[in-house]
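Please consult the sequence and the structure alongside it.

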Amino acid sequence: MKLMTRAEELILLAVWRLKDNAYCIPLRTQICDITGEAWSLGSIYMPLDRLVKRGLLDSYLTEATPERGGRRKRVYRLTEEGLRRLREMEDIGKRMWEGIPNLSEER
Amino acid sequence: MNVRGRRPSPPRLAEWILRRLLPDDEENTPAGDFEEYFRQLAAARGAGRSRIWYWGQVLRLAPARLSNGIYWRMILLGDSLKVGWRILRGHKSFAAITIFGLAVSLTVGTLALVIMTHELSYDRFHADSGRIHRVAMTITSTSTSTRKATARASTPLAPTLRRTRPEVESAVRFQRLLDPLWIRLDDKTFMTDRVLVAENELFDVFSIPFVQGSPHDALTRPSTAVITRSLAQKHFHHQDPVGRTLMVAGVLPFEVTGVVADPPDNSHLKYDLLLSLDPLSQNWSMDNWGWTGFYTYVKLKPGLDPAAFASRIRGIADLYVADKLRQWGEQYEFFLQPLESIHLGSHLTQEIEPPGNALHLMILLGATALILFLAIVNFINMMIARSSTRAKEIAVRKVVGSRRSQLVRRFLAETQLMAFLALALSLVLTAGVLPRFAELAGRHLSIADVLQPGRILGLIGLTLLVGFAAGVYPALYLSGFRPVRVLKGADRRPQGFRLGKTLVVVQFAVAVIFIIGTLVVARQIRFMKDADLGFDKDLKLVVAGNFRKNAETVKADLLKNPAIRGATASWNVPGRLANTLLAKRVDGGSEAGESMAFYYVDPDFVPEYGIRIVAGRNFRKDTLTDTLNTYVINEAAVKALGFASPEESLGQHLWEGGSGRTGAIIGVAANFHFKGLQNVIEPLVLQWNPAYFTNLTLTLAAPDLPKTLAFIERRWTDLHPGQIFKATFLDRDFNRLYGSEDRFFRLFAVVVVLAVTIAALGLVGLSSVLIALRTKEIGIRKTLGASTAKVIALLSGDFLRSVLWANGLAWPVAYGIMRAWLERYAFRAPIAAADFLLAGVSTVALAFLAVGAQTFKAAAADPVESIRYE
């Protein structure tokens with residue numbers, strides 16, 4: 001089983017958190033807010049596409065809105081497999097951190 | 001920030017580009033994302049900032065998307081080409097007919113391209129060629145108002161312009177010797193043809209690269225000569241020519257001071273040898289405005305308006321010789337001819353070399369365009385006629401989702417494949433025919449002239465154009481098939497075939513016009529060659545040499561040989577250039593002065609050439625006072641001088657501008673065509689003047705010419721030791737006047753053969769396909785009782801009707817064109833109905849041959865087999 005990248009993991013988490021509003025713009029906003037870095041739209045699209053291809057995400061179209069120039073949104077949601085992999089990542093993370101003392105107190 | 005109604009929106013152009021670039025998402029959601037983010041950004045940081053961001057996104061996206069698009073297009077193109085190649089291999093006769101037709105037409109296109117660029121490149125290789133002009137002049141007779149334009153100008157013009165006109169950067173005058181010059185070098189002699197006697201300013205005006213010597217002073221000293229590289233190689237071999245002495249005409253020493261590159265083929269000014277003016281000019285009246293013996297070229301200073309300069313020098317002669325001009329009854333007007341336009345645009349008397357013929361070039365170009373058109377038509381017809389074989393393929397492609405634009409692209413790619421295969425074949429054909437073509441065109445061209453980057457690009461462009469023109473209609477037609485109908489097996493006969501028939505009519509009409517054109521040109525040439533010129537030109541041998549002192553003894557000696565029937569000495573012979581001089585009546589009747597051709601002849605000239613005397617008498621050998629002091633003039637001169645009748649001119653006196661001599665008119669000769677039939681007969685004066693006898697015309701008896709020639713050469717060599725014998729037959733010499741027509745005719749004949757071949761090829765291909773489609777119909781007709789003959793009549797009737805239509809259309813067009821062409825000839829052959837009928841009959845016969853074999857095969861086939869077909 002190939003591990004996903006950190007960006008993919010972040011995006012999967014953001015999709016899960018945003019639920020029905022999980023399309024490109026809010027996804028980017030949230031990731032920017034949390035990481036404090038400027039992510040370009042392209043850097044969101046690429047992992048999104050990869051995740052859809054691997055079957056961890058699927059997408060549906062919503063109604064058109066005027067602020068999008070009359071275009072519809074493509075909203076993403078986790079698939080069963082996506083959810084499973086996300087849990088797996090959480091598990092791996094926890095196990096990696098196990099036994100490591102609080103980093104902020106280390107000196 | 002958000003004012004109602006004025007919400008910021010992304011830049012339009014960028015949005016448009018973005019939409020092209022983004023993946024083919026039906027809903028275009030990414031574009032929506034971009035727009036939404038744009039709004040957010042605009043709200044947060046201003047519209048300008050967000051616009052820059054938007055543009056940045058688009059520009060960053062572009063390269064990858066474009067290269068991706070091109071990559072997939074190339075993959076598709078490769079596939080189209082592969083499929084196209086397989087189709088060609090599967091239908092070899094179809095491929096052969098179409099590709100060969102295109103290749104032949106592209107070959108014609110290549111040749112036309114090469115000759116066009118060559119003709120248009122004339123004299124452009126000189127640095128500042130745009131600033132170089134020739135000064136030519138018109139001479140108007142004030143009494144008769146006849147005008148004559150000549151390429152040469154008054155002799156003192158060039159130095160006058162240099163001295164007095166500040167606009168002139170440099171100016172040169174030079175003379176071209178009419179006769180070949182013989183030259184002694186040590187103990188050898190040789191003849192050279194193209195000799196210019198020029199001032200050193202020649203090298204200031206023209207860019208003439210020096211191999212040895214210097215353009216600054218090569219011809220400044222008297223008795224200096226500059227030779228071309230090829231002359232140096234031919235006669236000096238490996239020795240250094242500079243400093244050596246050439247004995248011109250065996251007596252005048254000229255020191256070689258320089259070697260120059262050979263003038264290129266696309267120069268109207270060609271030479272082998274350049275001589276300094278001095279000392280030849282010592283015998284010439286270099287200050288005489290009335291002597292128009294020199295070509296004058298000027299290079300103007302940069303940025304000057306040539307028209308303004310021209311208007312300032314138009315009447316320059318009046319500043320110097322106004323009284324003389326009044327006395328001569330003439331008016332001189334000078335005008336400028338841009339150097340670059342001389343080759344195609346100037347048709348004055350006394351051109352340096354026969355000018356190019358812009359009309360012939362236009363006709364050739366038109367014919368080429370028509371031939372390309374014929375091949376394109378063939379191609380279209382074949383593609384449409386064969387459309388049924390592709391119908392299933394197209395239907396299946398459509399069913400699996402091909403779009404029409406994709407199909408069009410695929411068919412265009414196939415056509416381009418064929419066009420480029422044709423181009424490859426045509427380059428081979430071109431290499432094969434180019435030498436012959438160059439010979440017909442009278443130019444030095446080689447395959448190297450074709451394989452130049454610019455011309456190769458031109459050819460590729462032409463091929464793309466032809467491929468597109470041929471492919472676009474079939475592509476639209478084929479891609480328009482309805483898959484359902486095709487797959488259900490509905491009628492597979494091509495629809496709307498009226499276009500095909502129309503195209504056949506047009507094709508044959510073009511072929512008919514070509515055939516009629518050739519026949520008319522041939523008739524005119526034959527007319528000019530066979531016409532009664534007013535003098536005998538058969539079996540006349542013209543021998544060049546020096547007969548100034550001994551003409552009579554040489555003649556008497558040669559006439560002892562019974563194979564030589566007659567002999568006459570002269571300077572001029574009909575068909576070659578004659579010098580023109582001013583002639584004027586001295587009886588006070590009028591002030592009329594007129595430029596006239598002068599022939600210096602002996603008393604035998606008139607009888608030997610069979611020229612009729614209409615009034616008075618010829619020169620008499622026993623009357624020595626006839627030399628120099630008497631004239632025989634032609635009827636045109638009688639008119640030009642203003643006499644009412646030939647008889648009236650007898651005994652009148654004539655003043656002649658060259659020597660200033662006066663003499664009596666003793667006879668009038670009938671007009672004869674001494675300049676060929678393209679030109680009207682100009683005034684001519686014959687004078688008995690032995691000082692100029694450099695040609696001997698011998699009338700030979702037909703049998704055993706070689707023996708007679710050998711005899712003449714032996715005698716001649718005794719008289720001219722160490723020189724080269726040069727003799728030509730007058731009729732051949734004279735027919736050279738029609739060389740341009742002759743070459744054009746032969747070139748045109750080739751074009752006609754090609755056009756007719758392509759038209760016939762098209763008909764063969766088309767009829768074979770159409771007849772194959774009617775196999776079943778023929779079978780049914782035969783079972784119902786139609787005879788073979790009836791079926792043949794039915795099948796060929798269609799095509800024959802088309803050809804008859806074509807003739808009906810072509811005849812009036814051909815008549816109009818050929819009438820216009822014949823206008824240029826002063827004397828022309830009538831347009832004969834026979835030519836039109838011949839063209840008609842031959843095209844009908846050709847069409848019958850083209851469709852006949854297949855028609856017969858189809859009509860004679862066993863109906864059982866035919867009905868089982870498919």
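Two residues count as being in contact if their C-beta atoms, placed from the backbone, lie within 7 Å. The model discussed here is predicted.

1. Interface between chains. On this criterion, eleven residues of chain B contact eleven residues of chain A. The side of chain B that touches chain A is made up of five charged, three polar and three nonpolar residues.

2. Packing of two helices in chain B. Helix α4 (residues 92-120) of chain B packs with helix α11 (residues 358-385) of chain B at an angle of about 160 degrees, and their axes are 9 Å apart. Angles over 145 degrees count as roughly antiparallel, and α4(B) is therefore roughly antiparallel to α11(B). The crossing of α4(B) and α11(B) is left-handed.

3. Residues at that contact. The contact of α4(B) with α11(B) comprises 15 nonpolar residues, six polar and one charged.

4. The two sides of helix α18. In helix α18 (residues 551-559) of chain B, the buried residues are Ala551(B), Val554(B) and Leu558(B). Viewed down the axis of α18(B), these buried residues fall within an arc of 70 degrees, so they line one face of the helix. Thr553(B) and Ala556(B), on the other side of α18(B), are exposed.

5. Partners of the buried face. What do the buried residues of α18(B) pack against? Their partners in chain B are β15 (564-570), β23 (695-700) and α22 (705-719).

Key
Residues numbered from 1 in each chain as written. Chains lettered and ligands numbered in written order. Predicted model: local features only at pLDDT ≥ 70, side-chain atom pairs only at ≥ 80, totals over all residues. Nonpolar A, V, L, I, M, F, W, Y, C, P; charged D, E, K, R; others polar. Buried ≥ 20, exposed ≤ 12 C-beta atoms within 10 Å, placed from the backbone. Helix = DSSP H or I, 4+ residues; strand = E, 2+ residues; numbered from the N terminus. Arc of directions from axis to C-beta. Axes fitted to C-alpha atoms, helices over the stretch in contact; angles between N-to-C directions. Parallel < 35°, antiparallel > 145°, perpendicular 65-115°, else oblique. Left-handed = near helix turned anticlockwise from the far one by under 90°.
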